[in-house]
Amino acid sequence: MKKFLSNNLFLKIMSLVSAILVWFIVMGIVKPIIYDQTRVDLNLENQDTFISRGQVFELGDIKSVSISYDVRTDQASQVKTEHFYAYVDANDYNLQSASSIPVHLEIDKDIQNLITNVRIEPQVVNVATDALSSKNFDITIQSYGNLPLGKILGPITLNPESVYVNGPEKEVEQIHSVAISIDLSHSINNFSGTSKLLFLDKNNNVLILPNTYPAIEEIAYTAMIYETKSISINALVTGEVASGYTYIGTVINKERLTVSAPRNILENLYSIDLPEININNLDTTTQYSFEISKLLPNGVKYNGLDTQIIVLVSIVDSELLNSADDSGTETTTQGDRRLIDSFTSNIIIAPKASSSETNIK
């Protein structure tokens, strides 16, 4: 055995070396080293010093950097963008020198042995400081989605109702309003949730402001879902018109109102009463207006766009009335007719009163 090992020792050593070289060559062909790269966002670190001085530290035009490296082909898929963390350190900023500071890179330990020749581009970036602005905004609501038939959105309560927004002055100045977005799709009952805040410009477009942030990230809300119902209108006319004049009737510009409220309130609501209209000593046709919101019970909401109920009480000269009856002509004056025609098609015309008190429904 000893003789076998010692014979042609040099040739045997050379054979072993050759085998090892061939193995490396083969491995280099089968699993070659390749160049790869990725791009990551730049982060800001240690801004507290500037915030305490009423300033904010922010990036210039460059918001991300390119990272390149060498990796074996069979291990390339193990390297992900999230394995790299690039940042600039506010402590590197010197007010007395240029505004360029170095970019730092941290590599996840899970891939540190898989990559070599790591390079970052650019290696320095421009930064700046700006005055720190803080502004309070009332939170508005944007809703989307369709409620089921017969349902309508009631009041929405927010907690909190306003929020402070902090950031560079030039970014905060762009904000016209702060809102949350709520999905109403298929909601049949009251519901609650949370929503992230949106920064909006004057055209209600969402703003992306990388260095501006609200004091509270999410807002809690509770949305009430109301049911709808059509109710009638009751008008009461009392009193005696002036001597020599005749009460002809009353016209209301609406026959019914569509209102919404929680189910327990609507169950027993069928009509609303207008304030009593007293026609004592009236000698001309008179128009009355009533604010709808003031006539509804608490918790009930009117669904229309107009805001008033208009009542027209028609009164004519008795002599004109008698002459019109004799000739078979119209009993109301031309002015009364124009007023009536200006109302909507949904009107109630009271019959000629047989006494001084009429209840119109």
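Which residue forms a salt bridge with Arg 72, and how far apart are the closest N and O atoms? I will come back to that in a moment, after a word on what we are looking at.

This is a predicted model, in which residues are numbered from 1 along each chain as its sequence is written. Local features need pLDDT of at least 70, side-chain atom pairs count only at pLDDT 80 or more, totals for chains, interfaces and linings use all residues, and side-chain values use heavy atoms, with hydrogens and water left out.

Now to the opening question. The partner of Arg 72 is Asp 74, and the closest N and O atoms of the two are 2.7 Å apart. By salt bridge I mean a side-chain nitrogen of Lys or Arg within 4 Å of a carboxyl oxygen of Asp or Glu. Arg 72 is partly exposed, with a relative accessible area of 28%, and Asp 74 is partly exposed as well, at 32%. Here buried means under 20% relative accessible area, exposed means over 50%, and partly exposed is what lies in between, for a 1.4 Å probe and protein chains only.

The structure holds five salt bridges, and I would like to show you two others. One of them joins Lys 151 to Glu 227, with 3.2 Å between the closest N and O atoms. Lys 151 lies in strand β9 (residues 151–159) and Glu 227 in strand β15 (residues 218–238), so this pair ties together parts that are 76 residues apart in sequence. When I speak of strands, they are DSSP runs of E with at least two residues, just as helices are runs of H or I with at least four residues, and both are numbered from the N terminus. Glu 227 counts as partly exposed, at 21% relative accessibility.

The other joins the side chains of Asp 306 and Lys 254, at 2.2 Å from N to O. Asp 306 sits in the loop between β21 (301–302) and β22 (308–317), while Lys 254 sits in the loop between β16 (245–252) and β17 (256–261), so parts that are 52 residues apart in sequence are tied together. Asp 306 is partly exposed, with a relative accessible area of 32%, whereas Lys 254 is buried, with 11%. Salt bridges that share partners also join Lys 151, Glu 227 and Arg 263 into one network.

Let us turn to a sheet. Five strands form an open sheet in the order β6-β4-β1-β3-β7, and the pairing is mixed. Its edge strands are β6 (104–107) and β7 (115–121), each of which pairs on one side only. Two strands count as paired if DSSP finds at least two bridges between them.

Strand β1 (residues 33–45) lets us see both senses. With strand β4 (residues 84–89), β1 pairs in the parallel sense over four bridges, and there the bridge partner of Leu 42 is Ala 86, while Asn 43 stands opposite Tyr 87. With strand β3 (residues 64–72), β1 pairs in the antiparallel sense over nine bridges, and Val 40 stands opposite Val 65.

Finally, a few backbone details. The peptide bond from Glu 121 to Pro 122 is cis, with omega near -5 degrees, and Pro 122 is placed in the loop between β7 and β8 (124–144). A cis peptide bond also joins Asn 159 and Pro 160, where omega is about 0 degrees, and Pro 160 is in the loop between β9 and β10 (162–168). Asn 117, in strand β7, has a phi near 50 degrees, a positive value in a residue other than glycine. Asn 204 has a positive phi too, near 65 degrees, and is found in the loop between β13 (198–200) and β14 (213–214).
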